[in-house]
Amino acid sequence: MLTNPVLISVVVMVGLSLFKLNVLLALIVAAIVGGLVSGMPLIETLETLIGGMGGNAETALNYILLGALAAAIHQTGAAKIVTQRLSRSIRGTGRTLIFIIAFISMFSQNLIPVHIAFIPILIPPLISVFNKLKIDRRAVATALTFGLKSAYITIPVGYGLIFHNIIRDEMAQSGMDVSDISIWQILWIPGLAMLVGLLIAVLITYRKPREYDEHSGNKFGYKDRDESEEEVKLNRTHIFALIGAISALVVQLAVGSLVLGAIVGLAIMVVGGAIKWTNLDGMVKDGIGMMGFIAFVMLVASGYGDVIRATGGVETLVGSVTGIIGDNQLLAATGMIVLGLFITMGIGTSFGTVPIIAAIYVPLALELGFSPAATILLIGSAAALGDAGSPASDSTLGPTAGLNVDGQHDHIWDTCVATFTHFDIPIIIFGIIGAVIL
């Protein structure tokens with residue numbers, strides 16, 4: 001088992017990622033290592049890798065167009081006016097404020113899909129409010145990560161539609177057709193786990209007041225909103241930008257196509273004058289700049305999955321695992337979830353992890369008698385683990401960028417440790433129990 005090409009390849013990939021090698025390069029190197037260890041010639045390994053990249057072509061296009069839509073919304077200032085209004089209207093206790101932030105964060109994945117771009121707009125102006133209310137910023141970090149993750153895990157719109165389609169397509173590639181199952185009807189389980197984690201973080205773990213130095217705001221060039229920016233007034237441009245964003249959401253829900261939704265949204269913005277026809281080229285370039293790297297990671301991850309399957313090591317690994325654990329599904333589910341944690345923490349992206357773990361999980365699930373629904377839960381839960389506590393994840397880097405504007409919020413201890421303990425641990429528990437029951 002220790003000489004299994006799949007196992008060696010995964011160890012190489014995670015190891016290189018943990019040593020800060022670019023994820024894209026780590027995937028390519030790991031694919032080559034896996035192919036060579038299995039006896040595949042180098043050229044054949046590379047051809048398999050490149051040939052398999054087309055499996056996520058639609059996903060890559062989704063990312064680019066969603067990035068273009070987000071860039072358009074951002075450029076018109078519509079996102080800014082929304083966040084400014086919210087930051088002024090937010091009232092109540094510290095806990096109420098934290099839950100409102102979590103709710104707003106969820107919109108960034110579905111309703112107005114700007115991902116983490118809203119954080120530097122919304123959070124810095126609220127830093128002084130956090131300090132006055134003596135809010136522990138670790139609670140705010142968990143609220144932001146909750147919104148960034150739970151929305152795409154459970155809601156099949158925007159980034160959620162991409163995530164669910166990847167799970168469906170990669171499971172089909174590995175021999176399990178789940179086209180007749182609504183992915184979101186299964187993934188509410190890890191979403192519920194995250195909600196439990198958020199409640200524990202806000203109401204128990206970080207409920208005590210925490211003091212911050214209110215005079216260190218200029219350490220990183222940060223200034224309070226009242227000093228650094230003027231209030232943005234709602235105008236015709238903002239109205240058509242918001243109409244375009246909502247229209248994109250409606251089309252996604254009605255047709256199930258993120259590509260068509262993004263095109264309709266952009267078209268409405270152009271017709272309404274929110275963005276100029278001559279600026280569309282720049283929008284697409286900005287979309288590539290915002291989401292291009294993730295799109296390429298998805299392409300290479302798909303090719304990596306093909307190499308993994310071509311090595312023949314999956315069957316051997318499945319045989320070895322089943323020989324050790326027998327038909328104990330509880331033990332098997334635990335092992336699969338932990339393996340997913342091991343992989344996703346190294347890569348730092350749940351989207352890029354799905355093609356890799358699906359190639360391993362589906363044959364193993366079929367051998368151990370897991371139902372398609374249980375397999376969806378295992379894959380979705382294992383993939384989601386990487387976005388919660390990994391230092392390389394957008395879902396942890398984004399909150400830190402907003403909360404550390406005055407140099408008083410540590411990325412590892414205040415964001416990654418907080419999100420890992422409150423989200424990854426509940427997801428693991430709910431995922432294992434749910435898989436056995438389903």
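Predicted model: local features only at pLDDT ≥ 70, side-chain atom pairs only at ≥ 80, totals over all residues.

Student: How are two packed helices described?

Tutor: One states the angle between their axes and the distance between those axes. Here, helix α20 (residues 394–403) and helix α21 (residues 411–437) have axes that come within 10 Å and cross at roughly 135°. The two helices, α20 and α21, are therefore oblique to each other. The crossing of α20 with α21 is right-handed.

Student: Which residues of α20 and α21 make the contact?

Tutor: Helix α20 contributes Thr396, Leu397 and Thr400, while α21 contributes His411, Thr415, Cys416 and Thr419. Sorted by class, the contact of α20 with α21 holds two nonpolar, five polar and no charged residues.

Student: How is a pair of aromatic rings described?

Tutor: The description uses the distance of the centres and the angle of the planes. Three aromatic pairs are found in a search of the whole structure. In one of them, the ring centres of Phe146 and Phe423 are 6.4 Å apart and the planes stand at 35°, so the pair is tilted. Phe146 belongs to helix α9 (residues 137–154) and Phe423 to helix α21, so this pair ties together parts 277 residues apart in sequence.

Student: Are Phe146 and Phe423 buried or exposed?

Tutor: Phe146 counts as buried at 9% relative accessibility, and Phe423 counts as buried at 0%.

Student: What geometry does the pair of Tyr152 and Phe163 have?

Tutor: The pair of Tyr152 and Phe163 is edge-to-face, with 5.1 Å centre to centre and 75° between the planes. Tyr152 lies in helix α9 and Phe163 in helix α10 (residues 159–173), 11 residues apart. Both Tyr152 and Phe163 are buried.

Methods:
Residues numbered from 1 in each chain as written. Heavy atoms only, no water. Axes fitted to C-alpha atoms, helices over the stretch in contact; angles between N-to-C directions. Helix = DSSP H or I, 4+ residues; strand = E, 2+ residues; numbered from the N terminus. Parallel < 35°, antiparallel > 145°, perpendicular 65-115°, else oblique. Left-handed = near helix turned anticlockwise from the far one by under 90°. Contact = heavy atoms within 4.5 Å. Nonpolar A, V, L, I, M, F, W, Y, C, P; charged D, E, K, R; others polar. Phe/Tyr/Trp six-rings, centres within 6.5 Å; stacked < 30°, edge-to-face > 60°. Buried < 20%, exposed > 50% of the residue type's maximum accessible area, 1.4 Å probe, protein only.
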